[in-house]
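Visitor: I have a structure to look at and have never seen it before. Can you walk me through it?

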Amino acid sequence: MKALIVYGTRYGTAAEIAEEIGCVMKNDGAEVDLVDSKGLKDFDVSLYDLVVVGSGIKIGKWTKGSLKFLKDNKSALSERNVALFVTCGAANEEDKKDEARKNYLKKVAQENLINEPVAMGLFGSVYDPEIKQGLMYKVTMKFIKKELEKQGIDTSKRHDYRDWDEIRAWAHDL
Ligand SMILES: Cc1cc2nc3c(=O)[nH]c(=O)nc-3n(C[C@H](O)[C@H](O)[C@H](O)COP(=O)(O)O)c2cc1C
């Protein structure tokens, strides 16, 4: 099986997930191409049996690159098996998962794919006090820091809310 994994990331979280998905698939015997959607030009998806497209979420939105990839290849992807995944803060909280799945996966699939995806993965995010990004990042992190502190979580430390066993199992199933 030949698989293409296209990811869009702003802070590296989706990239690490995409890499792990690729590793699992390779171990399972698939031939895997891993591609950053940023600045991605024409891509021949007809070479692949399975296309996995993923993104991190910022203010409710996928990265421009991953969305563009879906839009540009809408017709070609209708003839392939397509799986979608996202990494987002909402996935860290049980009571926000359904809404996140609806807004960040089902809606994106409905708007950008002709056929139903074969799988949709909703994965958690990372809280890292060491990462220094732009103003928007700082403002968001300040808010998240407060929320975590309310839950008694030590915000001086990095917390990885990605469930790697769940991610590996998802990739293995694909
Ligand atoms: C500025 C900013 C905006 C964000 N907006 C959302 C959001 O609207 N919904 C959500 O669930 N998570 C949100 N998050 C959390 C990210 O989706 C999460 O950190 C994700 O893992 C980032 O993926 P990336 O590093 O691949 O870009 C936001 C994070 C930042 C820093």
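Visitor: How do the residues of the shell around the ligand divide into nonpolar, polar and charged?
Guide: This is a predicted model. In it, the shell around the ligand has nine nonpolar residues, nine polar ones and two charged ones.

Visitor: And how many residues surround the ligand, and which are the closest?
Guide: The ligand is surrounded by 20 residues. The closest are Thr-9, Arg-10, Thr-13, Ile-57 and Thr-87.

Visitor: Which helix gives the largest share of the shell?
Guide: That is α5, with three residues. Both α1 (13–27) and α5 (135–150) supply at least two residues each.

Visitor: What lies 2.8 Å from an oxygen atom of the ligand?
Guide: A backbone N or O atom of Arg-10. A polar backbone atom of Tyr-11 is 3.1 Å from an oxygen atom of the ligand. On the side-chain part, Tyr-104 has an N or O atom 2.9 Å from a nitrogen atom of the ligand.

Visitor: How much of the ligand does the protein bury?
Guide: Taken alone, the ligand exposes 640 Å², and the protein buries 90% of that.

Visitor: Where does the ligand sit?
Guide: In the largest pocket.

Visitor: New topic. What does UniProt list for residues 3–174?
Guide: An unreviewed UniProt entry lists them as "domain: Flavodoxin-like".

Visitor: How much helix and strand is there over residues 3–174?
Guide: The chain is 41% helix and 20% strand over that stretch. Its end C-alpha atoms are 10 Å apart.

Note on methods
Residues are numbered from 1 along each chain as its sequence is written. This is a predicted model: local features need pLDDT of at least 70, side-chain atom pairs count only at pLDDT 80 or more; totals for chains, interfaces and linings use all residues. Side-chain values use heavy atoms; hydrogens and water are left out. A residue is near a molecule or strand if one of its heavy atoms lies within 4 Å of it. A polar contact is a pair of N or O atoms within 3.5 Å; within protein, one must be able to donate a hydrogen and the other to accept it, and residues adjacent in sequence count only if both atoms are side-chain atoms. Accessible areas come from the Shrake-Rupley method with a 1.4 Å probe; for residues, only the protein chains shown count as cover. On a 1 Å grid over the protein atoms alone, a cavity is a set of points where a 1.4 Å probe fits but cannot get out, and a pocket is an open set with protein on both sides within 12 Å along at least five of seven lines; lining residues have an atom within 4 Å of a point. A molecule sits in a cavity or pocket if more than half of its atoms lie within 2 Å of its grid points. Helices (H or I, at least four residues) and strands (E, at least two) are DSSP runs, numbered from the N terminus. Ala, Val, Leu, Ile, Met, Phe, Trp, Tyr, Cys and Pro count as nonpolar, Asp, Glu, Lys and Arg as charged, and the others, Gly among them, as polar. UniProt positions are given in the numbering used here, feature names are shortened, and annotations may be inferred rather than shown by experiment.
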